[in-house]
Amino acid sequence: MRRMTLLALAAIGLAACGGSTTTPPSSTAYKAAWLYVGSSADAGWTKAHDDARLYVAQQLGSQVQTTFKENVPEGPQATQVIDGLVADGNKIIFATSFGFQDQVAAAAKKYPDVKFEMATGFKLDKNMAEFFGAAEDADYLTGMAAGAASKSGKIGFVAPFPIPEVIREINAFTLGAQATHPGATVHVIWTTTWFDPAKEKAAAQSLISAGVDVLGQGQDSPATGEAAKANNPPLKWAGYDSDQKSFAPDQWLTGTVYHWGPYELTRVKAAMDGSWTSGSYYGSLKDGFVDIAPFGTSVDSATQAKISDKKAALVAGTFYEVTGPLNDQSGKVKVPSGTKLTLDQILSIDWFVQGVIGSPKGS
């Protein structure tokens, strides 16, 4: 569940609640708004959401006027921003941080004629829907690239918060790494922030000092990759949220990416034509909601082929990475042979698979 912790203190120091529109005001344009916890220029999570907003604007042209508010603190201030967006005539609002959920749920009751779309939440109402995607599948594929790139089998991972979304990301990444490098371990450092490039870079450097030879991350910035590039010798790295290759291209492997745009376009169209209904959506590799970014030049053809084959199996449903036998860090069987974790189980997972070095509690 994305954005489960408050970012108010970090966000207050930013350009609070900035925003913009992409089309000229029009009396006939349908107004759609996006609520961001970070900056649209973060090169990660929020950038991916803003790419989706731009996609909607491009596809619908003058039919829609899009607005975004960025660096919005989770909590009471989000309510004020939502009230302002409704007052401005927005008829559908996409909230892109789990920490906005309570404010969005209250707004849905307060404004029954407005449609609300909550990224990564679980609360539903007649005018409030929820959406996310099976990033764990792409995380597994990214882990395969990291495992193949590691000579020592000792991989580092810069992680934000110990919540189910991140824990399942690390588990899938680890299982993928072990598929291409049997016995590989993934060493985790928690930053307790989604976006703090200096802190992320320091965590990456600490992992490098501890002897890892490949880096992965679940952060919103490419700082981990910049640390990998700056090291002597440079390390390979895998990104998250967006295609971050440009920040350290020679060290880039691949990364989990989200394509929010097609889903959001469908929802805006449905709101416009009156066919919108509430519901919970979990996108996949099959429908293109999640994917991996293009490979870096250092990923050899044999590894690319292995990853492509595994991706095809995930799409076809003939492979599922969280199928037993799976042990936890202590070696205890958590998933018996042949048993698959259910969606509810992976959405609430609070334990690390064997091979992860670090605490799932964040300590």
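Modeller: What follows goes through helix pairs, then backbone features, then cavities, and throughout it concerns a predicted model.

Biologist: How should I read a pair of packed helices, and what are the angle and axis distance for helix H5 and H6?

Modeller: Two packed helices are described by the angle between their axes and by the distance between those axes. In this model helix H5, residues 135–149, packs against H6 at an angle of about 40°, and their axes are 6 Å apart. That angle makes H5 oblique to H6, and the crossing of the two is right-handed.

Biologist: Which residues of H5 and H6 meet?

Modeller: On the H5 side the contact is made by Glu136, Asp139, Tyr140, Thr142, Gly143, Met144, Ala146, Gly147 and Ala148, and these meet Arg168, Glu169, Ala172, Phe173, Leu175, Gly176, Ala177, Ala179 and Thr180 in H6. Sorted by class, the residues of this contact divide into 9 nonpolar, 5 polar and 4 charged.

Biologist: At what angle do helix H7 and helix H8 pack, and how far apart are their axes?

Modeller: Helix H7 (residues 197–209) and helix H8 (residues 223–230) pack at about 45°, with 8 Å between their axes. H7 and H8 are therefore oblique to each other, and their crossing is right-handed. The contact brings Pro197, Glu200, Lys201, Ala204, Gln205 and Ile208 of H7 against Ala223, Thr224, Glu226 and Ala227 of H8, a set with 5 nonpolar, 2 polar and 3 charged residues.

Biologist: Turning to the backbone, which residues does the cis peptide bond with omega near 5° join?

Modeller: Omega is the value to read for a peptide bond, and here the bond from asparagine 232 to proline 233 is cis, with omega near 5°. Proline 233 has its place in the loop between H8 and strand E10, which covers 236–241. A cis peptide bond also joins glycine 324 and proline 325, where omega is about 10°, and proline 325 is found in the loop between helix H10 (301–316) and strand E14 (326–327).

Biologist: What is the phi of asparagine 71?

Modeller: Asparagine 71 has a positive phi, about 55°, although this residue is not a glycine. Asparagine 71 lies in the loop that runs between strand E3 (64–70) and helix H3 (76–87).

Biologist: Finally, how many cavities of 30 Å³ or more are found, and which residues line the largest cavity?

Modeller: A search of the whole structure finds 3 cavities of 30 Å³ or more, and about 60 Å³ of space lies in the largest cavity. The lining of the largest cavity consists of Glu136, Arg168, Asn171, Ala172, Glu321, Val322, Ile346 and Ile349. By class, this lining has 4 nonpolar, 1 polar and 3 charged residues.

Biologist: Which helix gives the most to that lining?

Modeller: Helix H6, residues 164–180, gives the most to the lining of the largest cavity, with 3 residues.

Conventions
Residues numbered from 1 in each chain as written. Predicted model: local features only at pLDDT ≥ 70, side-chain atom pairs only at ≥ 80, totals over all residues. Heavy atoms only, no water. 1 Å grid on protein atoms, 1.4 Å probe; cavity = no way out; pocket = protein on both sides within 12 Å on 5 of 7 lines; lining within 4 Å. Points joined across faces, edges and corners; volume = space filled by probe spheres on them. Helix = DSSP H or I, 4+ residues; strand = E, 2+ residues; numbered from the N terminus. Nonpolar A, V, L, I, M, F, W, Y, C, P; charged D, E, K, R; others polar. Axes fitted to C-alpha atoms, helices over the stretch in contact; angles between N-to-C directions. Parallel < 35°, antiparallel > 145°, perpendicular 65-115°, else oblique. Left-handed = near helix turned anticlockwise from the far one by under 90°. Contact = heavy atoms within 4.5 Å.
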